[in-house]
Amino acid sequence: MNTIDKNYHKLKDEQIINWCKQGKASGQRILYDQFSTKMFRLCFRYIRNEFDTEDVLIKGFMKVFTNIHKFEYRGDGSLEGWIKRIMINESLMFLRKKNNFNLVQSTEAQFVETDENSLAKLAAEDIYALILELPTGYRTVFNLYVIEGYSHKEIGEMLDISENTSKSQLSKSRAALRNLLLKNGINNER
């Protein structure tokens, strides 16, 4: 193992990007090692199947390496944000191919109030497990809106649905999560 490999965790994103742009396998390996676990978790939130998630992850990294020459470094976090967008898009493309979206067109969204104290009682792993139980459409919109921070307009464009459908799916996902909380003995006490 050479010095570069031993100390890659000390390298700046700019150096890794430059190596990748030069086609250096060591740069690609460092980039993959640095982001693969986090991006696997990101993709798994959408896909829910380990083998399919691995396929999506590999396709995503192939796109990263193929398009790295187009990437423009804009400071800390910009590389991770760029890779994250690629992985989300790959996950959504996979879901569209599988036709797993259980999206129902709706002209008016109905919102369900949730008690934030209920969520505070659960560990992060418990919440993550409950989110994974949601139907694909609910889970996808929930992830995009609540976790990734996209607007309903952006989600609509990404999924080729209306803004109101996105709002409806979010409302339904919250109601489904509330029911899962109740099933797991967490009450919405007010």
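Which residue with a positive phi follows α9? The legends below, drawn from a predicted model, begin with that helix.

**View 1. Helix α9 and the residue after its end.** Helix α9 covers residues 152–159. The residue that follows α9 is D160, and its phi is positive, near 60°.

View 2. An α-helix has 3.6 residues a turn, so residues three or four places apart point the same way. K153 and E157 are on the other side of α9, where they are exposed.

**View 3. The largest nonpolar core.** This core is made up of 44 residues. Within the core, the residues with the most contacts are L31, L79, I83 and L144. At least two core residues come from each of α2 (13–21), α3 (25–47), α4 (50–67), α5, α7 (124–132), α8, α9 and α10. Helix α5 gives the largest share, nine residues.

**View 4. I83 and its contacts.** I83 is among the residues with the most contacts inside the largest nonpolar core. When neighbours within four places in sequence are left aside, I83 is in contact with L31, F35, M39 and V64. L31 is also listed among the core residues with the most contacts.

**View 5. E90 in helix α5.** E90 is a residue of helix α5. Is E90 buried or exposed? Its relative accessible area is 7%, and buried means under 20%, so E90 is buried. Not counting residues up to four places away in sequence, E90 touches V56, K59, G60 and K63.

View 6. K63 is found in helix α4. The relative accessibility of K63 is 34%, so this residue counts as partly exposed. With residues up to four places away in sequence not counted, K63 touches I86, E90 and M93. Along the chain, K63 and E90 are 27 residues apart, and a distance of 9.2 Å separates their C-alpha atoms.

Definitions and conventions. Residues numbered from 1 in each chain as written. Predicted model: local features only at pLDDT ≥ 70, side-chain atom pairs only at ≥ 80, totals over all residues. Heavy atoms only, no water. Buried < 20%, exposed > 50% of the residue type's maximum accessible area, 1.4 Å probe, protein only. Helix = DSSP H or I, 4+ residues; strand = E, 2+ residues; numbered from the N terminus. Contact = heavy atoms within 4.5 Å. Core = buried A, V, L, I, M, F, W, Y, C linked by side-chain atoms within 4.5 Å.
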